[in-house]
Amino acid sequence: MSGFRVLDLVKPFSPFLPEVIAPERKVQFQQRVMWTIITLLIFLVMSEIPLYGIASSDSSDPLFWLRMMLASNRGTLMELGISPIVSSGMLFQLLQGTKIIHVDMQNKNDRETFQTAQKLLAILLAVGQATVYVLTGMYGPPSSLGVGVCSLLILQLVFASTIVILLDELLQKGYGLGSGVSLFTATNTCEQVFWKAFAPTTSTSAKGTEFDGAVVAMFHLLGS
């Protein structure tokens, strides 16, 4: 008779967690490409949708240098990026590697329970991060925002993180190509590089009005 294990604590939560059902047969390559493109489009759209209820986001960004690595975009639904997934995965890999938790990856039930535990922790981390972001005044003083708006901001961030977790699971279960974490990071990096090169928006500096995109600004200077 097997003894009690830490992973057994996760089993009661399994029916309440959203899940992507594994395909019953092998997904064709064309369909995998299609699902990968759809997944990345959803990620890009969410990266451009601003959070509702923000009072101000003009202050300095303390996470500026980490955002590209975490596929994060400030002030949008992708504020948290892939940080809950990465943090949860790293923690469970550490626990498994140090034998603090015992998992038999050859056993289907153990493998599914392990993945469920990672998903549950990722959602809990998203709740914690969202709460800290809102209460520390990243989107404006909580006293000015009010309880309703603060709660709405937290719900938006947690909902968006849950969608990212499911998109990553969709790709990992064979519907798409590659890992969601890697694809989201690469997509976010490409988007940032493309925007900084070809952005048609302008900003005012000591030299006057300038284009934000480096390539656009170069041709504008050459033509002036």
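Where does UniProt place the feature "transmembrane region"? The unreviewed UniProt entry puts this feature at residues 33-55, 75-95, 116-139 and 145-167. Keep in mind, as you look around, that the model is predicted.

Residues 75-95 are 62% helix and 0% strand, with 33 Å between the end C-alpha atoms. Over residues 116-139 the chain is 83% helix, again with 0% strand, and the end C-alpha atoms there are 32 Å apart.

Now for the open spaces.

| Pocket | Volume | Lining residues by class |
|---|---|---|
| Largest pocket | about 640 Å³ | eight nonpolar, nine polar, six charged |
| Second largest pocket | about 530 Å³ | six nonpolar, four polar, seven charged |

Start with the largest pocket, which is lined by 23 residues. Closest to its centre are Q115, Q118, K119, E169 and Q172. Three helices, α2 (83-97), α3 (108-135) and α4 (142-175), each supply at least two residues of this lining. Helix α3 gives the most to the lining of the largest pocket, namely six residues.

Next comes the second largest pocket, with 17 residues in its lining.

Definitions and conventions. Residues numbered from 1 in each chain as written. Predicted model: local features only at pLDDT ≥ 70, side-chain atom pairs only at ≥ 80, totals over all residues. Heavy atoms only, no water. UniProt positions renumbered as here; feature names shortened; annotations may be inferred. Helix = DSSP H or I, 4+ residues; strand = E, 2+ residues; numbered from the N terminus. 1 Å grid on protein atoms, 1.4 Å probe; cavity = no way out; pocket = protein on both sides within 12 Å on 5 of 7 lines; lining within 4 Å. Points joined across faces, edges and corners; volume = space filled by probe spheres on them. Nonpolar A, V, L, I, M, F, W, Y, C, P; charged D, E, K, R; others polar.
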